[in-house]
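This report describes the structure shown below, moving from local surface features to the overall chain.

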Amino acid sequence: MSHNEMTIYEHIGELRKRLMFVVVFFMLAFLGSFFLAEPLIRYLQHADEAKELTMNAFRLTDPLKIYLEMMVFISLILTSPLILFQFWAFISPGLLERERKVTLSYIPISLLLFLGGLSFAYFILFPYVVGFMMNLSDELDIQQVIGINEYFHFLFQLTVPFGLLFQLPVVMLFLTRLGIITPMFMGQMRRYAYFILLVIAALITPPDIVSHLMVTVPLLFLYEVSIWVSKIGYKKVLQAEQQLQRELHEEERKREE
């Protein structure tokens with residue numbers, strides 16, 4: 001039975017199997033991350049951005065909470081390629097052979113972009129934000145008492161959204177190849193997209209113009225890159241449709257002969 005002939009219950013059953021496979025792999029990754037969480041926490045605690053800060057635990061459960069959150073974070077990164085592959089495998093029967101090969105290549109690109117977004121936020125944006133906060137405290141003569149729970153929450157809040165936002169070119173290319181959006185539509189929605197990105201930048205940065213620009217400019221650049229990538233994908237879609245039409249026309253001509 002082909003994918004198109006499957007009933008809705010069979011689709012749900014297949015989706016459930018794929019989700020169960022992801023959950024099992026996530027649990028295994030979670031167990032394995034037990035050995036990775038502590039070195040990563042220690043690295044983040046002693047990095048240049050945090051070495052001058054004294055980490056405090058205001059609750060007995062704070063260290064355990066940070067340890068578990070770091071394990072979940074590591075597990076999600078390790079599981080993300082499998083999640084993307086299972087999603088691709090679920091929809092791939094409805095794609096053409098060329099589309100299957102092309103969209104499969106998006107998985108490693110997506111992972112690299114996510115890691116690139118995390119790196120940009122941690123190595124470029126995060127040091128500036130921490131420095132800005134510390135300078136503001138000094139100017140106001142405020143002695144900061146840093147809670148380890150709040151520190152890592154702030155770190156995740158600043159870095160993880162960038163990892164997700166850096167997926168924008170891949171997501172737009174994927175939607176373009178599926179025929180859901182076009183580069184023309186993205187161009188028409190540019191002003192609204194800019195406004196949304198400006199709001200996102202305001203939510204994840206301190207209230208100063210420099211840090212806001214440090215976030216806004218890369219996001220706007222990502223959107224323009226997404227339009228450019230979408231144009232490439234759109235041309236590929238048109239070429240594939242033309243090729244399909246030629247093949248159908250050739251088959252029809254052979255049947256007539």
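## A nonpolar surface patch

Val199 counts as partly exposed, because its relative accessibility is 36%, which lies between the limits of 20% for buried and 50% for exposed. The model in which this value was computed is a predicted one. Val199 belongs to helix α9, which covers residues 190-203. Together with Phe195, Ile196 and Leu203, Val199 makes a nonpolar surface patch of about 420 Å².

In soluble globular proteins, nonpolar side chains tend to be buried together. Here the largest nonpolar core has 46 residues, and those that touch the most other members are Met70, Tyr151, Phe152, Phe162 and Leu219. Two or more residues are given to this core by each of α2 (34-45), α3 (62-91), α5 (106-139), α6 (148-165), α7 (168-177), α9 and α10 (209-256). The most come from α5, which gives nine residues.

When residues up to four places away in sequence are not counted, Phe152 touches Ile41, Leu44, Gln45, Ile66 and Met70. Another core, of seven residues, lies apart from the largest one; Phe90, Ile91, Val170 and Val229 are among its members.

## Salt bridges

Side chains of opposite charge can pair when their charged atoms come close. The count of salt bridges in this model comes to three. One of them joins Arg18 and Glu14, with an N to O distance of 3.1 Å. These two residues are four apart in helix α1, so about one helical turn separates them. Arg18 is partly exposed, at a relative accessible area of 21%, whereas Glu14 is buried, at 16%.

A salt bridge also links Arg42 and Glu38, whose closest N and O atoms are 3.2 Å apart. Both residues lie in helix α2, four residues apart, or about one turn of the helix. Arg42 is partly exposed, with a relative accessible area of 47%, and Glu38 is partly exposed as well, with 38%. In the pair of Arg190 and Glu224, the side chains meet at 2.8 Å, N to O. Arg190 is partly exposed at 29% relative accessible area, and Glu224 is partly exposed at 28%.

## Two individual residues

Phe26 is placed in helix α1, residues 8-32. Aside from neighbours within four places in sequence, Phe26 is in contact with Val72, Ser75, Leu76 and Thr79. The C-alpha atoms of Phe26 and Leu118 are separated by 21 Å, and the two residues are 92 apart along the chain.

Asp141 is found in the loop between α5 and β2 (146-147). Its phi is near 55°, a positive value in a residue other than glycine. Asp141 is exposed, with a relative accessible area of 70%.

## Overall architecture

The chain has 10 helices and two strands, in the order α-α-β-α-α-α-β-α-α-α-α-α along the sequence. Its radius of gyration is 23 Å, well over the 18 Å that the globule rule gives for 257 residues, so the chain is more spread out than a compact globule. Along the principal axes, the C-alpha atoms fill a box of roughly 90 × 40 × 25 Å.

Of the 257 residues, 38% count as buried. The accessible surface is about 16,100 Å², and 69% of that area belongs to carbon and sulfur atoms. Among contacts with a separation of 6 or more, 84% are between residues 24 or more positions apart.

Methods: Residues numbered from 1 in each chain as written. Predicted model: local features only at pLDDT ≥ 70, side-chain atom pairs only at ≥ 80, totals over all residues. Heavy atoms only, no water. Patch = residues over 30% accessible without salt bridge, like charges linked within 9 Å, V, L, I, M, F, W, Y side chains within 5 Å. Areas by Shrake-Rupley, 256 points an atom, 1.4 Å probe, with all protein chains shown as cover. Salt bridge = Lys/Arg side-chain N within 4 Å of Asp/Glu carboxyl O. Buried < 20%, exposed > 50% of the residue type's maximum accessible area, 1.4 Å probe, protein only. Core = buried A, V, L, I, M, F, W, Y, C linked by side-chain atoms within 4.5 Å. Contact = heavy atoms within 4.5 Å. Rg over C-alpha atoms; globule rule 2.2 N^0.38 Å.
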